[in-house]
Amino acid sequence: MRLGVTMFATDLAMPIDELARAAEERGFSSLYVPEHTHIPVSRRTPYPGAAGGELPEEYRRTLDPLVALSFAAAATRTIEVGTGILLAAQRDPIVTAKAIASLDHLSGGRVTVGVGFGWNVEEIENHGVPYAERRDLARRHVLAMQALWRDETASFDGLLDGVEPAWSWPKPRRRPPVYLGGAAGPKLFAHVAEYADGWMPIGGKGVKAALPALREACERAGRPPARVIPFGTLPTAEKLDHYAALGVEEVVAGLPSGPADEVLPVLDHYAQLIA
């Protein structure tokens, strides 16, 4: 079982390069950071946390994930760096594909791309994206990015309107794996089966019950079963054993978004689970 970690990287949290080094030194497999471009002050969309209530401060202070991960990658040698999650519908796919490919090239092939559709209606709409269209737009953006990573001459018919075939280098050292976050369901699993390498269930609850539907979606698409990475969990030895019995190979544990003296004790506690 591989264990990764995720933290809201902010201007007030433990510096991301220091966290990356500390995680690598303790044997963690990966480091993920989330994305929110901004939080509109209106706060029309309720916070979707388990208890509702006020939106935590870190949501309005997140660093750009790809800039943050470049510091993490430069400070380390082996740990994988990833987005958990990248809001693909809100991003220009050509610019984002270039940034991810550059990061993967410079890091020696260590980038994983966790993609989400977003929950904050006003944040999404501020990018000119109708909320109801965000899933389709995210799909088209990811497929376009994959074409830019893969093909010498990338074409975008049906994906990017008005964009002609294009060249883009550097290519990634490896094709960045793409995982989709979100709640289990036929729509999400159809997306996973079509264009992703796996599913990244936030919190990790309900994985066992959802696996048959995910396998069925992959079978219908004529592809092998998708990988599953429970994300942002609070791991225990028993929970890791449960996931291992389901065939899960990696779990990503949540860290507090705070200074080093708050983060490192939690990191040390998790490290004991993989010692």
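Predicted model: local features only at pLDDT ≥ 70, side-chain atom pairs only at ≥ 80, totals over all residues.

The model holds 6 aromatic pairs. One of them joins Tyr32 and Phe231, whose ring centres are 5.5 Å apart and whose planes stand at 90°, so that the pair counts as edge-to-face. Because Tyr32 belongs to strand E2 (residues 30-33) and Phe231 to strand E8 (residues 231-233), this pair ties together parts of the chain that are 199 residues apart in sequence.

Both partners are shielded by the protein around them: Tyr32 has a relative accessibility of 1% and counts as buried, and Phe231, with 5%, counts as buried too.

## A second pair and its cluster

Tyr47 and Trp119 also form an edge-to-face aromatic pair, with 6.5 Å from centre to centre and 65° between the planes. Here, too, distant parts of the chain are linked, since Tyr47 lies in the loop between E2 and helix H2 (65-74), while Trp119 lies in the loop between strand E4 (111-116) and helix H4 (121-125), 72 residues apart.

The two residues fall on either side of the 20% limit below which a residue counts as buried: Tyr47 is buried at 19% relative accessibility, whereas Trp119, with a relative accessible area of 21%, is partly exposed. Tyr47 and Trp119 belong to one aromatic cluster together with Phe8 and Tyr59.

## Charges over rings

The charged end of Arg134 sits over the ring of Tyr131, at 3.8 Å from the ring centre, and the charged end of Lys171 sits over the ring of Trp169, at 5.0 Å from its centre.

## The buried face of helix H1

Which residues of helix H1 (residues 16-25) are buried? They are Ile16, Leu19, Ala20, Ala22 and Ala23. When the helix is viewed down its axis, the buried residues of H1 fall within an arc of 165°, and therefore they line one face of the helix.

The cover over these buried residues of H1 includes strand E1 (2-6), E2, H2 and helix H9 (260-274). After H1 comes Gly27, which has a positive phi, near 90°.

Note on methods
Residues numbered from 1 in each chain as written. Heavy atoms only, no water. Phe/Tyr/Trp six-rings, centres within 6.5 Å; stacked < 30°, edge-to-face > 60°. Helix = DSSP H or I, 4+ residues; strand = E, 2+ residues; numbered from the N terminus. Buried < 20%, exposed > 50% of the residue type's maximum accessible area, 1.4 Å probe, protein only. Lys NZ or Arg CZ within 6 Å of the ring centre and 35° of its normal. Arc of directions from axis to C-beta. Contact = heavy atoms within 4.5 Å.
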